[in-house]
Amino acid sequence: MIIIDENLPELETSQLRDWGIRVRVVGVEVARLGIKDDQIIPLLHRLRGATFFTLDEDFFDRRLCHARYCLVWLDMAAKLSALQIRRFLKHPSLDTEAKRIGKVVRVRPTGIEFYEVGARTSGSVAWQDE
């Protein structure tokens with residue numbers, strides 16, 4: 001399940017849907033409008049296999065790693081978010097739920113950095129040539 005934070009522009013969410021990416025938006029299809037950041041993690045604990053995309057850097061925290069979800073901080077301008085979400089979801093290292101779960105990720109146009117459940121150090125992967 002792909003969940004998009006309510007802080008991503010509606011235009012970006014529409015673009016993802018136009019590409020055939022099934023997303024659910026916080027405050028629309030998931031939870032209530034205006035849900036606080038500290039309520040997102042308990043929500044993700046109740047949802048199995050969710051990947052949550054946000055523009056909020058507070059979610060890039062090693063302590064938030066959990067085996068039930070993936071957190072992705074889009075460290076970029078909001079207008080680039082749809083393109084980078086699609087790119088992230090197609091990356092061979094992250095293209096399935098099983099490969100993403102348990103990670104807290106930082107996505108930048110230059111690459112991907114992550115923390116993972118059970119790992120002592122952070123990891124990174126480069127973007128694949130497209």
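**Figure 1. Phe60, Trp73 and Tyr115 make up one aromatic cluster.** The model shown in this and the following views is predicted. Across the structure, the count comes to four aromatic pairs. One of these aromatic pairs, formed by Phe52 and Phe59, is the subject of the next view.

**Figure 2. Phe52 and Phe59 form an edge-to-face aromatic pair.** A pair of aromatic rings is described by two quantities, the distance of the centres and the angle of the planes. For Phe52 and Phe59, the centres lie 5.4 Å apart and the angle between the planes is 70°. The pair counts as edge-to-face because the angle between the planes is over 60 degrees. Are the two residues buried or exposed? Phe52 is buried, for its relative accessible area is 0%. Phe59 is also buried, with a relative accessibility of 4%.

**Figure 3. A salt bridge links the side chains of Arg63 and Asp61.** The structure contains six salt bridges, and this view presents the one between Arg63 and Asp61. The distance from N to O is 2.6 Å. The two partners fall into separate classes of accessibility: Arg63 is exposed, with a relative accessible area of 71%, whereas Asp61 is buried, with a relative accessible area of 19%. Asp61 is placed in the buried class because its value of 19% is under the cut-off of 20%.

**Figure 4. Asp75 and Arg106 are joined by a salt bridge between their side chains.** The N to O distance of this bridge is 2.6 Å. Asp75 is located in the loop between strand S4 (69-74) and helix H3 (81-90), and Arg106 in strand S5 (residues 103-108); the pair therefore ties together parts that lie 31 residues apart in sequence. Asp75 is partly exposed, as its relative accessible area is 23%.

**Figure 5. Lys99 and Asp95 meet in a salt bridge.** The side chains of Lys99 and Asp95 come together with an N to O distance of 2.8 Å. Both residues are partly exposed: the relative accessibility is 34% for Lys99 and 35% for Asp95. Elsewhere, salt bridges with shared partners connect Asp75, Arg106 and Glu113 in one network.

**Figure 6. A patch of negative charge lies on the surface.** Which residues gather in this patch? They are Glu6, Asp37, Asp38, Glu57 and Asp58. Glu6 is situated in the loop between strand S1 (2-4) and helix H1 (10-18). With a relative accessibility of 31%, Glu6 counts as partly exposed.

**Figure 7. Leu8 is located in the loop between S1 and H1.** Leu8 is buried, with a relative accessible area of 7%. How many residues separate Leu8 and Thr54 in sequence? They are 46 residues apart along the sequence, while their C-alpha atoms are 7.0 Å apart in space.

**Figure 8. Ile21 and Glu29 are found in two loops of the model.** Ile21 occupies the loop between H1 and strand S2 (23-25). Its relative accessibility is 15%, and Ile21 is therefore classed as buried. The C-alpha atoms of Ile21 and Trp73 are separated by 18 Å, and the two residues are 52 residues apart along the chain. Glu29 is placed in the loop between S2 and helix H2 (37-46). At a relative accessibility of 34%, Glu29 is partly exposed. Between the C-alpha atoms of Glu29 and Gln15, which are 14 residues apart along the chain, the separation is 17 Å.

**Figure 9. Glu116 belongs to strand S6 (residues 111-116).** Glu116 counts as partly exposed, at 30% relative accessibility.

Note on methods
Residues numbered from 1 in each chain as written. Predicted model: local features only at pLDDT ≥ 70, side-chain atom pairs only at ≥ 80, totals over all residues. Heavy atoms only, no water. Patch = residues over 30% accessible without salt bridge, like charges linked within 9 Å, V, L, I, M, F, W, Y side chains within 5 Å. Areas by Shrake-Rupley, 256 points an atom, 1.4 Å probe, with all protein chains shown as cover. Salt bridge = Lys/Arg side-chain N within 4 Å of Asp/Glu carboxyl O. Lys, Arg positive; Asp, Glu negative; His and termini not counted. Charge placed at Lys NZ, Arg CZ, Asp CG, Glu CD. Helix = DSSP H or I, 4+ residues; strand = E, 2+ residues; numbered from the N terminus. Buried < 20%, exposed > 50% of the residue type's maximum accessible area, 1.4 Å probe, protein only. Phe/Tyr/Trp six-rings, centres within 6.5 Å; stacked < 30°, edge-to-face > 60°.
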